Amino acid sequence: MPGEQFKLAFPSPILPLDALFSDDQGQQSLSVLRRWQEWPKSTLCVTGPENSGVTSILKSWAKEVDGRYLVPTDWENLDPKALSDLLSQPLCLDDCHRVEASASLLTILNLAEESGVKILIGGHGQPSVWHVTPPDLVSRLAAMTTIMLPAMDDEAFIRRLRAACLRRFIRIPEETLSFLEPRLDRSFQAIEAFADRLDRAMTETKRPATIPLARDVLNELIEEWETDEV
């Protein structure tokens with residue numbers, strides 16, 4: 001259907017942090033993340049709406065600092081000794097708004113503060129409303145230094161798609177960007193998957209990155225996604 005936006009469930013490579021921040025405000029956030037050893041507290045938070053790039057940033061930071069990326073099921077049911085054992089390297093704890101064992105989140109934050117190990121936590125929405133107990137956790141999250149990511153609006157989508165193509169030495173025409181804007185899912189994963197496949201298609205077919213090729217690539221991705229869903 002013309003103009004319909006499709007969600008593409010394809011894996012994408014872990015990008016360097018530089019590739020995830022493209023405006024002036026983003027550069028300030030990048031500087032904070034890069035200076036992680038100078039954080040005044042052991043923990044920093046990254047949050048934003050769905051598809052704003054929280055998970056991509058956490059994975060990139062973990063790779064850059066030789067840390068470990070975890071989701072709640074990896075750690076929330078561990079005892080304090082096992083949680084302490086995780087703190088042999090910097091940690092990224094994603095989806096903290098979905099943690100069911102909130103006392104475990106408080107425990108690992110306390111252990112990190114005692115040990116000096118840095119933790120980058122991520123989630124969606126305001127951290128102050130992620131959990132209602134324990135009270136110490138609620139106050140800790142409310143006071144935590146937080147990087148707030150904006151929603152991926154039209155301008156941000158076009159900017160990120162153009163940047164993804166430029167990293168692959170593709171100068172994508174404005175009319176092609178306008179064609180993709182209402183059709184491609186607004187997520188880092190979809191943008192990277194599309195740029196990868198467009199690069200491959202241009203190499204194989206020797207065609208330019210015009211609307212006809214973009215349409216073919218998008219349809220190919222949609223067909224693969226629908227096949228995977230069956």
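Predicted model: local features only at pLDDT ≥ 70, side-chain atom pairs only at ≥ 80, totals over all residues.
Figure 1. Helix H2 (54–64) gives the largest share of the lining of the second largest pocket, three residues. Helix H9 also gives two or more residues to this lining. The space in the pocket is about 210 Å³. Its lining is made up of 15 residues, and those nearest the pocket centre are Glu50, Asn51, Thr55, His124 and Gln189. By class, eight lining residues are polar, four are charged and three are nonpolar.

**Figure 2. The largest cavity and the residues around it.** One cavity of 30 Å³ or more is found in a search of the whole structure. About 80 Å³ of space lies in the largest cavity. Twelve residues line this cavity, and Ala19, Arg160, Arg167, Phe188 and Glu192 are the closest to its centre. Two elements, helix H7 (154–166) and helix H9 (188–205), each give two or more residues to the lining. H7 gives the most, with four residues. The lining of the largest cavity has seven nonpolar residues, four charged residues and one polar residue.

**Figure 3. Helix H9 and the residue just after it.** H9 has 18 residues, which at 1.5 Å a residue should span 26 Å; the end C-alpha atoms are 26 Å apart, so the two values agree. The buried residues of H9 include Phe188, Ile191, Phe194 and Leu198. Charged residues are also among the buried ones, including Glu192 and Arg197. Just after the helix, lysine 206 has a positive phi of about 65°.

**Figure 4. A cluster of three tryptophans.** Ring pairs join Trp36, Trp39 and Trp61 into this cluster. The count of aromatic pairs comes to two. Tryptophan 36 and tryptophan 61 form an edge-to-face pair, with 5.9 Å centre to centre and 85° between the planes. This pair links distant parts of the chain: tryptophan 36 lies in the loop between helix H1 (24–34) and strand S1 (43–47), and tryptophan 61 lies in helix H2, 25 residues apart. Tryptophan 36 counts as buried because its relative accessible area of 18% is under 20%. For tryptophan 61, also buried, the relative accessible area is 0%. The pair of tryptophan 39 and tryptophan 61 is stacked, with 5.6 Å centre to centre and 10° between the planes. Tryptophan 39 is in the loop between H1 and S1, 22 residues from tryptophan 61, and both are buried.

**Figure 5. Two charges over aromatic rings.** Lysine 59 lies over the face of tyrosine 69, 5.3 Å from the ring centre. Arginine 186 lies over the face of phenylalanine 157, at 5.4 Å from the ring centre.

Methods
Residues numbered from 1 in each chain as written. Heavy atoms only, no water. 1 Å grid on protein atoms, 1.4 Å probe; cavity = no way out; pocket = protein on both sides within 12 Å on 5 of 7 lines; lining within 4 Å. Points joined across faces, edges and corners; volume = space filled by probe spheres on them. Expected span 1.5 Å × (residues − 1). Buried < 20%, exposed > 50% of the residue type's maximum accessible area, 1.4 Å probe, protein only. Phe/Tyr/Trp six-rings, centres within 6.5 Å; stacked < 30°, edge-to-face > 60°. Lys NZ or Arg CZ within 6 Å of the ring centre and 35° of its normal.
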